[in-house]
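I opened my notebook to look up how charged side chains pair up in this structure. Here is what I wrote down along the way.

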Amino acid sequence: MRLNLGAFAIVTCTLTGLASARLGSSCSAPLGSGSSGPGDAFWMENIKHHGISAYHSNPGYQVFRNVKDFGAKGDGVTDDTHAIKYLTFGIHETHVIDQRSIVLLSHLEVVVAAVVANLRRIPIIALYLTQLVGDAKTPPTLLASSNFEGMAVIDADPYIPNGNGQQYYTNQNNLVPPEKSQGTGIHWQVAQATSLMNIVFQMSTAPNTAHQGEYIQMVSCTAADGTIIGIWMENGSGGFMGDLVFNGGEDAFSKMLERIGDHLVKENMECGSEISNSPSEMSLSTVRKRPFSAFGTGGININNCQVRAARVTQFDPPADGFLFKLSQSVGAIAIIDSVVTNTAIFVRNSKPSDNRLAGSLVINNARLNNVQTAVGVVGGATVLSGGTRTIKSWGQGNVYKGTNPNANFVQGDIYSASKPGSLLDGSGRIFGRMHPQYASYAASEFVSVRDHGAKGDGRTDDTAALKAIFDKYAGCKIVFFDAGTYIVTSTLTIPAGTRVVGEAWSVISGSGTNFQDAENPQVVVRVGEPGSQGILEITDMIFSTVGPAPGAIVVEWNVRQPAGFQGGAGTWDTHIRLGGAAGTNLEMEQCPSSGAGGVDGCHAAFLALHIKPTATAYLEGLWAWLADHDLDGDGRSQVSIYSGRGILSESAGPVWMVGTGSEHHTLYQYSLVNARNHYMGLIQTESPYYQPSPAAPAPFSLNRAWKDPSFPGDLLSAWALHVVSSTNIIVFGAGLYSFFSVSYLFDLDTHTHRHLGQNYKQDCLSTYTCQSQIVNIDAGSDVAVYSLSTVGTTYQVSVDGRGVVGQSGNRNGFASTVTAWSRGGLLGDLEELEDVLL
């Protein structure tokens with residue numbers, strides 16, 4: 001689900017002089033910068049919408065809905081709650097598969113009132129497989145009235161009234177929230193494949209306001225008691241947030257990060273009023289009752305904040321180290337490329353560290369302008385002084401180097417990785433580019449695939465129709481995949497020069513005999529011909545397979561960005577989803593967790609994503625997921641299906657992986673081989689739940705032609721990150737998790753493991769032994785790792801297959817955290833010395 005509720009400046013490029021970007025047969029010239037005039041409607045409002053949910057039981061199910069077509073007035077006076085509520089909740093049916101939707105909130109002002117005729121208000125519910133999209137040309141406003149009583153204007157996981165903390169969706173916490181007015185903009189208790197972007201939160205600028213971080217050019221709330229929270233997140237994992245602006249009020253993020261998992265925040269995040277420049281506060285805080293929090297940020301701008309920019313609430317580890325007896329903690333925060341201006345305290349710890357790990361913090365390339373304290377402690381102690389200066393690389397936590405297993409606890413300067421210029425923008429920051437919305441383009445500049453012969457019904461072979469569309473329109477039209485599931489039975493190539501836009505995650509799924517030979521794997525979707533160069537943008541799509549597909553390379557990425565156009569080849573809100581969904585033939589009925597479905601019939605893919613040596617890629621929010629449970633069944637039952645490999649990159653770069661995840665693949669989740677110039681910002685992985693039964697690499701065989709990693713005798717589960725012969729690799733934030741295991745006895749005589757118990761057990765969590773190793777970096781690679789958090793793993797970092805960094809000294813709440821690891825050695829020491837001298 002994504003909330004895309006505002007607008008942003010779109011980077012456009014006229015494709016001239018790019019010989020590799022061939023134009024379609026109907027094209028007389030490449031697509032320009034767009035022809036939509038200032039008074040024209042946003043293209044999404046005017047384009048023909050006839051997408052379908054291919055496996056929905058109701059053939060007339062409506063995927064796209066414009067609020068104006070369902071009675072919303074948007075005049076700033078009328079209560080439009082019920083119109084929007086019906087769009088996002090009432091129109092859905094219970095226990096129905098493939099129930100996707102996209103809701104356009106048009107450009108008028110929408111008022112969300114709280115109480116009508118003494119009935120309790122239900123906020124706008126953002127359901128699974130739902131997108132709420134604002135008019136990108138004239139962003140809408142959701143305005144909560146003064147008597148608003150719901151938990152949040154937009155609620156992604158509602159609590160049941162009087163339910164003692166139970167929720168309508170899976171409840172993951174022990175929190176019993178107040179049910180009266182919270183003045184919250186967005187209750188965002190979500191996980192992977194979710195995003196918040198291009199949103200402005202507006203709060204009151206009145207003196208002594210209790211407003212805490214809220215506005216979106218979308219949500220503006222004023223609760224009866226004057227309390228406002230912008231985004232409230234009790235927990236979750238693997239989401240992306242970008243280009244968020246917070247104006248006025250007290251806190252931008254307040255009381256919100258209660259046990260969140262991995263979330264990446266990037267781009268504009270500001271507090272203070274744009275109009276009156278009133279002082280305010282922005283906080284990253286946690287009330288921790290169970291699992292771990294990891295929070296990564298990039299490109300944050302904090303202006304005119306009175307108290308603090310971030311607050312790290314620490315914990316006291318219990319004597320027995322048992323993971324479910326922890327008190328308060330934010331496990332880890334990593335901040336990169338930020339500017340803090342006229343702010344009293346940038347980061348504040350809840351209490352002193354006492355020279356031990358109790359909440360990890362990394363600050364990299366932070367510019368301070370008139371900041372009193374950079375890092376402080378509640379009660380007034382200063383850990384790092386402020387001023388007007390740049391913090392190059394600073395850490396609080398356990399720091400490691402090379403093959404030395406001993407940690408150095410620091411509250412000071414740490415190793416600063418050299419950042420290749422190809423990864424940086426003009427200001428020296430890690431480059432970032434937000435989700436294209438094509439606001440400058442008219443509906444006539446899009447071409448619908450269903451209008452040109454493709455069915456998208458999940459049954460028809462659409463290969464020929466889709467190839468014909470790309471042959472005809474590549475480079476001069478934006479190719480619009482109406483909602484649906486498009487079956488292809490041979491490789492589909494998206495040519496360089498193409499922009500592809502989905503609707504509520506349109507699916508391209510590989511099916512048939514071409515993808516069933518693991519000895520001769522074939523590509524389902526080829527992004528650019530080998531060696532091609534040109535713009536290529538893919539948004540709001542899913543790539544998948546119909547099982548069994550043991551020989552499917554789901555996506556092969558060949559294209560290189562145009563010269564002078566960083567991030568010109570990339571994906572946004574686009575995912576690889578394998579199994580666990582209607583139409584995949586890899587659901588609970590075929591492949592239950594018991595293994596009764598066998599192996600041969602439950603293969604989902606050979607490789608999820610392959611980034612080739614000459615390619616560049618900007619991947620934002622991409623999730624390469626092999627299903628562990630059945631989404632379209634009961635939503636909970638586990639499945640045992642098999643994908644050989646996650647993401648393999650052999651690219652010389654630049655490659656940006658921003659808020660990406662890769663989960664449950666057999667051999668590895670991320671593998672970098674002969675790669676260069678990669679930025680991996682808050683990556684997230686999970687090892688396969690069925691492992692180690694069978695133990696990796698089974699049920700696949702190692703294939704040296706595909707640079708498969710080896711497995712030490714003690715490692716029975718997949719590598720989360722495997723790096724070989726690679727340079728200039730920066731991992732800035734990682735949550736790598738192993739949750740399940742079985743009981744085995746290792747026979748020293750036969751060097752085999754004897755199975756002693758049932759899989760899908762979690763007893764290993766309390767002993768941190770779900771798997772022995774999880775990250776492997778060979779001695780010849782140049783890698784810097786910051787804010788690495790692991791769960792259930794004995795060794796957090798290995799070099800050449802040998803465990804080096806043990807988790808026992810890094811326990812940090814639910815996870816164990818390495819604040820920083822660098823390769824060490826003579827060259828590393830010289831680079832550190834050079835950094836100090838500079």
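Predicted model: local features only at pLDDT ≥ 70, side-chain atom pairs only at ≥ 80, totals over all residues.

Residues are numbered from 1 along each chain as its sequence is written, and side-chain values use heavy atoms, with hydrogens and water left out.

Entry one. I searched the whole structure for salt bridges (a side-chain nitrogen of Lys or Arg within 4 Å of a carboxyl oxygen of Asp or Glu) and got eleven.

Entry two. I looked at K68 and E45, whose side chains form a salt bridge at 3.0 Å, N to O. E45 is partly exposed at 21% relative accessibility, and K68 is partly exposed at 35%.

I checked K48, which pairs with D451 in a salt bridge with the closest N and O atoms 3.2 Å apart. Both ends are partly exposed: K48 has a relative accessible area of 48% and D451 has 41%.

Salt bridges with shared partners join R433, R499 and E537 into one network.

I ended at E445, which is buried yet has no salt bridge. The nearest side chain of opposite charge (Lys and Arg count as positive, Asp and Glu as negative; His and the chain ends are not counted) is K477, 7.3 Å away.

Conventions:
Buried < 20%, exposed > 50% of the residue type's maximum accessible area, 1.4 Å probe, protein only.
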